[in-house]
Amino acid sequence: MKQILKDAFKSDEFQQHLEDVIAVDDKVDVSEIPDQIILVEAHYILGKFTGESGGFEQEQDYQGENGPELKKWAVKNVKALRAFIKKYDPDYTNKPTYVRGAA
């Protein structure tokens, strides 16, 4: 497995998204997802926690609105995603200007 995926999988939410959404939608193995797409999706998943992607349950988890266990889980994912983005896209050049699935 390529290193970018090993690092991406440190966030279980991001891993699930890559395996069950992107790879399935694109009809490819997760190892075939281009790095550029992985970077764009990292920003999108982080935005689900921070509110930048708009109205997701993960934001409520991160804010602690759904209990301390989910907050702990969300904080772990946010830390992993921020570290991933800092390593692979430090200038935020791949930050999406769209919300996936929006028309």
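How many of the 16 residues of α3 are buried? I looked this up first, and twelve of them are, which leaves α3 mostly covered; I took buried to mean under 20% relative accessible area, exposed over 50%, and partly exposed in between, with a 1.4 Å probe and protein chains only.

**Entry on the model.** I note that this is a predicted model, in which local features need pLDDT of at least 70 and side-chain atom pairs count only at pLDDT 80 or more, while totals for chains, interfaces and linings use all residues. Residues are numbered from 1 along each chain as its sequence is written, and side-chain values use heavy atoms, with hydrogens and water left out.

**Entry on helix α3.** I found helix α3 at residues 35–50, where it reaches 23 Å from its first C-alpha to its last, close to the 22 Å expected; the expected span is 1.5 Å times one less than the number of residues. Helices here are DSSP runs (H or I, at least four residues), numbered from the N terminus. Among the buried residues of α3 I listed Ile38, Leu39, His43, Tyr44 and Phe49. I then looked up what covers them, and the cover includes α1 (3–8), α2 (12–26), α4 (57–63) and α5 (68–88), with contact meaning heavy atoms within 4.5 Å. After α3 comes glycine 51, whose phi is positive, near 95 degrees.

**Entry on the aromatic rings.** A pair of aromatic rings is described by the distance of the centres and the angle of the planes. I counted rings of Phe, Tyr and Trp (its six-membered ring) as paired if their centres lie within 6.5 Å, and called planes under 30 degrees apart stacked, over 60 edge-to-face and the rest tilted. The structure holds four aromatic pairs. In one of them, phenylalanine 14 and phenylalanine 84 have ring centres 5.6 Å apart and planes at 70 degrees, so I recorded the pair as edge-to-face. This pair links distant parts of the chain, since phenylalanine 14 lies in helix α2 and phenylalanine 84 in helix α5, 70 residues apart. Phenylalanine 14 counts as buried because its relative accessibility is 0%, and phenylalanine 84 counts as buried at 3%.

Phenylalanine 84 also pairs with tyrosine 88, and this pair is tilted, with 4.9 Å centre to centre and 40 degrees between the planes. The two are four residues apart in helix α5, so about one helical turn separates phenylalanine 84 from tyrosine 88. Tyrosine 88 counts as partly exposed, because its relative accessibility is 23%.
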